[in-house]
Amino acid sequence: MAGLRAIGLRNRPAAGTVCRFPEDPGPCLMTTAERIFKSLRRNGLAAIPTVLVIVVLNFFLLKLAPGDAADVMAGESGAATEELMRQLRARFGLDLPVLGQLQAYLGGLAQGSLGFSPRYNMPVTDLILQRLPRTLTLMGFSLSIAIALGLLAGTVMALNAGRWPDRVLSVLTLLLYSVPGFWIGLMLIVLFSIKLGWLPSGGSETIASGRTGFDLFVDRLRHMILPALTLALFYVAVYARLTRAAVMEVAEQDYVRTARAKGLSAFAVGSRHVLRNALLPVTTLAGMHIGGILGGAVVVETVYSWPGLGRLAFEAVLRRDYNVLLGVLLLSSVLVILANMIVDMLQAWLDPRIEVR
Amino acid sequence: MKAGPVDASSPLLDVRDLTIAFGDTVRVRDLSFSVREAETVAIVGESGSGKSLTGLALMRLLPRSARIAGGAMAFMGRDLAVIDEPELRRLRGREIAMIFQEPMTSLNPVLTIGAQIAEVVTLHEGLSRSAARRRAIELLDRVRVPDPARRVDDYPHRLSGGMRQRVMIAMAVACGPRLLIADEPTTALDVTIQAQVLDLLDGLRRDLSMGLILVTHDLGVVGQWADRVVVMYAGTKVEEAPPGPVFADPRHPYTAGLLAASPRVGGGRSYRSGPLPEIPGNIASAVDEAGCSFAPRCPHAIASCRLARPPLVRVGEDRVAACPVVNVAEPAP
Amino acid sequence: MSLALDTPASPVAAMRPRALRAFLRNPAGVISLGFLLVLFAMALAAPTLYPEDPLSMVARPFLWPGQNPAYPLGTDSLGRDVAAGVVWGARISLLVGFSAMALGVTLGLVVGSLAGYFGGRVDDVLVKVIEIFQTPPNFVLLVVLVAIAQPSVSTVIFAIAAVTWPTTARLMRAEFRALRSKDFVVAARGLGYGHARIIVREILPNALPPLIVTSSVLVATAILMESALSFLGLSDPNVVSWGSMIGAGRELLRTAWFLSAVPGVAIVLTVLALNLLGDALNDALNPRVSGAR
Ligand SMILES: Nc1ncnc2c1ncn2[C@@H]1O[C@H](COP(=O)(O)OP(=O)(O)O)[C@@H](O)[C@H]1O
Ligand SMILES: [Mg+2]
């Protein structure tokens, strides 16, 4: 937050002044920080009803699941008497009428509780929070790869529009669009782990290796490369195509001609004027894909035995641990909403024309 | 305001037989004119007559699909038509600058106007960040943007069209160029602001003694601000003269038509001709006519007009025109 | 009748032959369509081509592709014919892909057209519904739905439709909003036609081009989703599908990586063909885009 504030500090306006549009003769009084803050507040309010509905739907999905926590525990212990079952149900509040259970569920949520996982024998919230950082790291790394490679490929395509680098990359992106993530993951393992032996084929670090400090960091990075790349490839294609279109459109704009008329080099025109503007649509899309990347993580984490949320969801399915499964669903929905808010803030920062009402 | 007696020294810019083409389609043909130091030359013509292409060719900023198909543009001992990219970049923004018709879209929406002005002085004069910023504020003040110290941090969308065009002018004159090309600088602006902007340009021309090419389709602008007028039609120059004689006695039917269509200077004084008749099709289609490109619309056209392109001939002191019909009765100079 | 003659024509009628010609001029689109037709024929003919149950053992295990001409794509760890699996798997992929698309597109079309056509309150509510369905990550929601409903071919179809319909709904909402104020619609309303007739007979035909393009891409998406589900084991254990073959081959990556590679190639080719078909349809049906190239 300190960073965000600093952006706007240069020119703080007097409090309570408003900006009019667009022939206003007075200077602009809405700073970057204010734009960001307003976008945050508006989105936060809009998200509340969405989250509530999702929570309730989540609860009913849980009710639809075959068997309840008591069944699971009874199955676990092998023999279960009617009496024991009744006790278990009472303990989890499962003997209440449905509305009562919903009330209990909401009450629990309000205290940050997503219920108890009999299989893992720990609260679902703890379990999820334990796995969350790994997934966020993986997603962040792979989103960075996707954006970097996508911007690069898209720019190259736009600069060579219609010529062979454009055609080759177009075919390549179309191919990446069509490859299932789990399959490309396996093929990368065959190539880089089995045939070449360059990178580990799974896990998040070498177990019991006693590595510390920089060695540990490198070890973790090596474990992350293949899963992150696998997760990124589809989005490389998405961003490349989008960047190509955006760069080609921006390059036609009058202000690019103005920049060239100043005597700027092609690189300065490209980076300061073209790319800066072409980034706007790419950012929007990056936000829209957070959900897709989270979904992709389920498969990729399973392929690479990456101990994150996605793999937890998979394990929960195998173990019929519906509390955990729905906990992951709820949390990932919240992550998507948060990501969208962040993207809106980013846009408010990147695009001074966005004036939040 | 008008330049004094014509000085004999070599001109600042000398354009000879400039030809611009898109593929095989010629859009500007054999255009010649020159601009002296501190002189304002107006290029006048209907929309589509090749004025912007001419300006862009001088900056070597033609659209990708266009090329300079012939001619030379001598400027400060170089030929702008052939110099290489690094040399070009040293000239652009420093020795030659251009401002465009559309102030609303000619500024980068995601950079503050201060940053956009500072960019050009940092590039050509190597000023530090803070020095460039101070310079930007001075320049904004020079182009009469009110409260420049605050405006410098504004983004373009906050400014009105007139203010944006002033910012464009500040950027263009930031390094004191020898030649400024203003491509219809006031067309997109309110009439009330037009005169202010033109006054500003004229003042800067005088102070910096730079050559000014004022592109316009409005003959009204010409009389007040220009030292010389080049009238273009469909990519060719049809007449060139000082504005006084042009208004008093146009020597080309197209110029006469433009005058008649211009309420501020034409009005009742229309010369031998009514308003220009509307013709179907694009003005550009006239470029490929074998004869005079204006013949299809010309009230005086005779059969020979359609056969060969009439040459520019001297029709008086310091003026040329390309119409043998109108000028046939004149005594040879 | 004479009244109808004066009403502005709906623009779609004139474009069909032109669009067809444009499509036929696009080699990638035509080849893709050809590939998909062959795949369809193969899937339909599977019981004749490979009458044996593809899950039964037919030969020595771990034959590599090309090793035995009778089993061109090799055999797996249990001696099952990989080629038979690929052909039978095509049935599942295409069945799930097209059914899920049809179901999802229908639902999306209904919701989107109502929201776009009526606007106002109806629109507000439906947009919120769409937003709610779009918020949870598609694939996570899909896994939850299939896990809760218990995996089978039909639950997979329903679940995929349930997570993909918002795409169509948003698209159709935008189309209907844009079209509802067009001259020919206003004219139809002026003639006293009911909402149902205007939606189905006037607007829908003009909203079809983008719908057709999206449908093609949605089949591709559905096939990818189905393969990922069955790779994870979330599919009917008694039918062979490309994803489940890859999942089974996963344990044998070190020794027999072709077991995972071969069905994956089948998925890639099918999905690529559908995407190329979508691009070609888009260029053919949407002259603005193809003209700008
Ligand atoms: N990018 C372009 N592509 C094709 N033709 C162009 C392009 N730009 C200009 N032209 C053509 O060149 C002619 C002259 O254009 P221009 O110089 O912009 O006219 P003016 O500035 O006098 O209105 C016009 O007829 C126009 O059709
Ligand atoms: Mg112009």
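Modeller: What follows is a walk along the interface of chain A and chain C, and then a look at confidence in chain A.

The model is predicted: local features need pLDDT of at least 70, side-chain atom pairs count only at pLDDT 80 or more, and totals for chains, interfaces and linings use all residues, while side-chain values use heavy atoms, without hydrogens and water. Residue numbers run from 1 along each chain as its sequence is written, and chains are lettered from A and ligands numbered from 1 in the order in which they are written.

On one side of the interface are 44 residues of chain A, in contact with 37 residues of chain C (heavy atoms within 4.5 Å). Together the two chains bury about 3500 Å² (the accessible area, with a 1.4 Å probe, that two parts lose on being put together, summed over both). Carbon and sulfur atoms give 79% of that area. Within chain A, the residues that lose the most area to chain C are S178(A), F182(A) and W183(A), with 16% of what that side buries between them.

The count of salt bridges between these chains is one (a side-chain nitrogen of Lys or Arg within 4 Å of a carboxyl oxygen of Asp or Glu). R241(A) and D279(C) form a salt bridge, with 3.1 Å between the closest N and O atoms.

Six helices of chain A each supply at least two residues to the side that touches chain C: α2 (32–64), α7 (164–178), α8 (181–195), α12 (290–303), α13 (309–318) and α14 (322–350). Helices here are DSSP runs (H or I, at least four residues), numbered from the N terminus. The most comes from α14(A), with nine residues. By class, this side of chain A has 34 nonpolar, seven polar and three charged residues; Asp, Glu, Lys and Arg count as charged.

Helix α10 (residues 254–261) of chain A is highest at 94, and helix α1 (residues 2–9) is lowest at a mean of 30. Over residues 1–29 of chain A the value stays under 50, although the model has 44 contacts beyond four places in sequence for them. Where pLDDT is low, the predicted coordinates should not be read in detail.

Conventions. pLDDT = per-residue confidence, 0-100.
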